[in-house]
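Please open the model in your viewer and keep the selection tool at hand. We will go from stop to stop, selecting a few residues each time and looking at what surrounds them.

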Amino acid sequence: MNLCNINNFYLIIAEKSKAAKKIAEALSDKPVLCRKYGVNYWVVTYYDNSKYVIAPAAGHLFGLQGKSGFPVYDADWKPLWEIDKNAYYTKKYYRLISTLSKYATGFVNACDYDIEGSVIGYLIIKYLGDIKRAKRMKFSALTKNDILYAFKNMSSLDYNMINAGVTRHKIDWLWGINISRALMLSLQDFAKKRVILSAGRVQSPTLVQVVNSEIERNLFIPLPKFTVSINVKIRDYTLKIKLDKEFDRISEAKDFLNKLVNKKVRIIKIENKIKILERPSPFNLTDLQVEAGRIYGISPYNVERIAEDLYLDGLISYPRTNSQKIPPTISVYNIVKGLENSSYKELISLVKKISGGNYIVKQGSKDDPAHPAIHPTGEPPKKLPVNKFKLYDLIVRRFLASISADAKIATTYYTARVLDFPLEFTISYTKILEKNWLEIYHFHNINEDKPIILSKEDEGLIQGGKIDISLSRSIPRYTKVSLLKWMEYSNLGTEATRGRIIEILVKRRYLTSSGKYLIPTKLGFYVAEVLNKFFPDIADVKMTADMENKLELIKTGNISENYVIKENIERLNKFIEEYKVNKDKVGESLAKGLGLVKVARCKLCDLEQYKDELCKYHYEAKLKLLDTVKIWEERTGYDYKKILKRIGNSRSTGKYVKDVVAYLLNGDESHAKLKR
């Protein structure tokens, strides 16, 4: 009997080919490999003689498509290959499942157990099969035990998850298509040129945040503060101590130091403090993206892609999770035992020694009802490519660290008093007593100090010192990792979408990369300016964060999808009314940003002039500089040229300010003009 041509079977739909193969191999020792339309699928006979066909999708096979024009409110689900030429490869998967569905007596959604996986399987079964005869498999790892447990404990379709996912798609489509078309239409009507532009519910406030942050950085002017460091001789130690005291004026700092030189000091108190450095919890996706970015410089989007490959290889649990917890249903002992048969044998021995073989997971605070924290499955890895190995090693070490033991650190504090002067300061050194998890997760470093052995009543002498000038610092520029953390903090997007949104902003040429940093392009500045000026609700994180909360309420069954969609249409109508009033101004701003209309350019950059032949940013920088120079003069006593040079040479000084400083120092504007 040719099992590839059977009828009356249950059709199990997996999200990817690797997952389909894993499911087939878990259900049978001898799955039959079949092929149709260039796609592999598998047939298995289960112990009760029932037949199952396991077929892969390729992620989403359906997408939303609406009518042309603006505004547009209605969309239908269409085969993705019909509406997106870049997704034409999905046609063969569509054809395969469509053909198999004709002969299936039941359907199983075995796509990833998250909102997207629930929607993918639901739409396939709804449009190609029979939703009334559908079940759901839920697993967090592609191991045989996990798959078999999910297979034996199938449930009905998870409609709360489905409703939340479908609503998210519809809302994102509504906002994305209408904002994007509004921008393009206004530009086309003004400049008579069609340019592809995009904006969206999550994308827009994220872009605006980066641009606003960059403007703040570029306008930043550091102010000076002064600190005093003293050289103290006690016993055989010559110690440099930075005093915990700041001065606004250099004269005050000098006077303070002069009073300290040649003063005696005495040790008046000794304290020994033990600090427990708690071991970390296992990763959720955001934690993994942050650490992989910090340690290896891997972008959040690529971390997600690599982690998904490791999951499909059966090496780690499902990565798109917010959980930092490992539930008791997962056998930590079996995972550790599995890793003993790999290159981690020596590390496992160390974990056993540290923990005494009593594996208690350090549970984090964040949870996810669908999946546990990311953890290795215990399957021994084969040779992995470099980045795959780096990420897998990070996950394994973090998991093993979470079941080891806390580290212990001792710090000795000596309190010293200056005799005949109202000042006390602290001398300290730190020693690691028990490294424990620090030996396993060696990406977290604690520096030990050289011991300083002093006794109470020991006396010493302040032999000298110096004045240090420190300049205030601007906010740091965003990296992909720090922007991801900001998105999580602001409740924008999900674990599965944040990395992709950042990549879209780069792909659309709104942001560009300079080393590890993200910098807005000229187009990005103008689009953000348009959104900020004319459509502030879209640029505000509050609206999008509120929508994320509503989607979570759909997922828990506490609010209906129809209510949320209706609310979004009402907000969208408000946007459309604002757009109609500002359409020409929007088109003009975008045309200027794209260089489609001639403008009088700022003498320091290629933006439009605002005042005094400067753009509004350089003009604002100039005004700030006028005020700040006066503060510098009061604090330092420097002349204005020395002040300008110090400001211009500071790494903290913003670009717009540096441009103005260079312009002034080149003699293009006199001191008298600067003072006006």
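Begin by selecting Ile124 in this predicted model, and, leaving aside residues up to four places away in sequence, you will find that Ile124 touches Ile13, Ala57, Leu61, Phe62, Ile97 and Gly129.

Now turn to the cysteines, and select Cys4 together with Cys34, which form a disulfide with their sulfur atoms 2.0 Å apart. Cys4 lies in the segment before β1 (9-14), while Cys34 is in strand β2 (residues 32-36), so that the pair, 30 residues apart, links distant parts of the chain. Which hand does this disulfide have? The torsion about the S-S bond of Cys4 and Cys34 is about -90 degrees, so the disulfide is left-handed. Colouring by accessibility, you will see that Cys4 is partly exposed, at 23% relative accessible area, whereas Cys34 is buried, at 2%.

For the last stop, select Cys605 and Cys615, whose sulfur atoms are 3.7 Å apart, which is too far for a bond. Cys605 counts as partly exposed, at 21% relative accessibility, while Cys615, which is in no disulfide, is buried, with a relative accessible area of 1%.

Note on methods. Residues are numbered from 1 along each chain as its sequence is written. This is a predicted model: local features need pLDDT of at least 70, side-chain atom pairs count only at pLDDT 80 or more; totals for chains, interfaces and linings use all residues. Side-chain values use heavy atoms; hydrogens and water are left out. Contact means heavy atoms within 4.5 Å. A disulfide is a pair of cysteine sulfur atoms within 2.5 Å. Helices (H or I, at least four residues) and strands (E, at least two) are DSSP runs, numbered from the N terminus. Buried means under 20% relative accessible area, exposed over 50%, partly exposed in between (1.4 Å probe, protein chains only).
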